[in-house]
Amino acid sequence: MIENTPALANVALEAASTWEASEETALAAAALSVGLSALAAGYAERGIGAAAVGAIAEDSDNFVPGLIMTVLPETLVIFALVVVFII
Amino acid sequence: MMRGASNTEYVSARVRTRRAALFADEDYRKLVRMGPSGIARFMEESEYEREINELGTRFSGVDLIEYALNRNLAKHFGDLLEWSEGRIYDLVARYLRKFDVWNVKTVIRGIYTDTPPEEIRTDLIRAGELDDSTVDLLLEVDTIEDVIEVLDGTVYHDPLENASEEYEETGALIPLENALDREFYEHLLEDLGRPEEGPDAKYVEFLEAEIDFRNARNALRLARSGADLDPASYYIEGGVLFDESELSQLVADPDGLIDHIADNRRYGDRLSGAISRLRDADSLIEFEHALDAALLQYADTLSSIYPVSVSSVLSYILAKEREVENIRAIARGREVGLSESEIEEELVIL
């Protein structure tokens with residue numbers, strides 16, 4: 001996979017040079033960035049959420065810090081949303 | 001081996017909270033000055049509240065403390081198994097099997113000395129993988145053959161059966177107990193291989209350290225007791241510190257044994273403090289406590305390298321065991337009237 005990356009990049013660039021960058025492709029790219037970042041945030045929250053629930057189960061005072069820590073990766077999605085507004 | 005997603009994060013978070021709730025070293029200094037009833041009252045205001053209240057009507061004094069400690073230990077370690085899923089369950093369960101080994105040994109010793117089942121029951125720590133019904137069945141049987149029969153289907157059946165011939169010839173329990181210990185340690189490292197990096201490598205490293213220290217301890221006991229026993233029959237495979245022939249030689253030479261540990265690349269630097277204590281220690285007890293402290297420190301170091309891994313669970317298990325042993329030593333020491341400084345020598349304090 002990794003050793004093929006330059007070749008893959010060349011193919012992509014050639015394909016891109018022949019394409020007309022239209023409104024639709026830009027929107028599709030933005031959609032992709034939001035979707036992927038949401039996936040990444042979800043993956044990050046999986047671990048943090050599990051740990052937070054563990055900490056809350058032991059001591060319910062940890063609820064607020066646990067909640068804040070759990071939603072921190074959500075900033076990833078907000079940054080991706082910026083892309084939507086600037087295209 | 002169990003497959004599937006494991007919830008390491010959840011287990012580590014819970015374990016770390018419980019780790020923080022353990023008694024601090026200052027608490028031990030307070031406890032050393034109390035009598036058994038004072039210790040029980042102190043425990044009632046801490047983690048052990050429920051156990052002390054449940055058992056308080058039936059027992060008193062040191063017995064109350066001891067049973068409360070055992071029950072609390074079993075509760076916490078049972079919790080560990082209940083929370084963990086997938087691979088981390090497998091890794092934790094392997095280690096907690098040492099309580100199964102302890103229980104089976106206790107039952108066998110009880111049968112050997114004709115102790116009534118009720119008394120054996122109070123000495124069991126139900127923290128292992130054997131379920132309660134199996135343990136109860138073990139308590140009901142009268143002969144060692146029946147114990148082996150009840151364990152049919154568990155990992156202990158075959159080694160015990162092999163050892164039982166030797167037991168019948170000699171009438172001594174040592175072959176059975178050795179068979180159990182070996183079975184436990186062999187399963188510990190089973191199908192883990194030798195991973196080079198990552199949390200698994202640290203887990204293996206820790207278990208190797210435990211095996212090494214167990215070997216060192218056995219060697220020292222043999223050396224001090226002067227008993228004419230073959231060191232090779234106590235040797236546990238899997239460690240990196242000794243091989244079988246080295247251990248046999250070092251049994252005759254305790255200073256050489258300590259030098260051997262200090263020269264080791266893996267333990268030498270990290271354990272330098274503990275090793276200097278080992279050199280100063282005259283009594284075997286101090287030596288063993290220094291080893292315990294060293295193992296505990298080692299587990300802590302490993303758990304800070306990979307905070308979210310099975311290492312943190314192991315370090316909690318060790319710390320909890322140390323707490324239980326320390327409180328028991330204080331209570332027993334007060335009961336027989338040892339002085340405060342004598343009791344403090346019995347404690348494993350970092």
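User: How far apart are the mean positions of the positive and negative charges of chain B, and what makes a residue count as charged?

Analyst: In this predicted model, the mean positions of the 38 positive and 76 negative charges of chain B are 7 Å apart. Lys and Arg count as positive and Asp and Glu as negative, with His and the chain ends not counted, and each charge is placed at NZ of Lys, CZ of Arg, CG of Asp or CD of Glu.

User: How are residues and chains labelled, and which confidence limits apply to the predicted model?

Analyst: Residues are numbered from 1 along each chain as its sequence is written, and chains are lettered from A and ligands numbered from 1 in the order in which they are written. Local features need pLDDT of at least 70 and side-chain atom pairs pLDDT 80 or more, whereas totals for chains, interfaces and linings use all residues; side-chain values use heavy atoms, leaving out hydrogens and water.

User: Why does the radius of gyration of chain B agree with that of a compact globule?

Analyst: The rule, applied to C-alpha atoms, is 2.2 Å times the number of residues to the power 0.38; for 350 residues this gives a value near 20 Å, and chain B has 20 Å, which is why the two agree. Along its principal axes, the C-alpha trace spans about 55 × 50 × 45 Å.

User: Why is Ala223(B) called partly exposed, and which residues does Ala223(B) touch?

Analyst: Buried means under 20% relative accessible area, exposed over 50%, and partly exposed in between (1.4 Å probe, protein chains only); Ala223(B), at 26%, is therefore partly exposed. Ala223(B) sits in helix 12 (residues 199–225) of chain B, a helix being a DSSP run of H or I with at least four residues, numbered from the N terminus. Leaving aside residues up to four places away in sequence, Ala223(B) touches Val251(B) and Pro254(B), where contact means heavy atoms within 4.5 Å.

Key. Helices (H or I, at least four residues) and strands (E, at least two) are DSSP runs, numbered from the N terminus.
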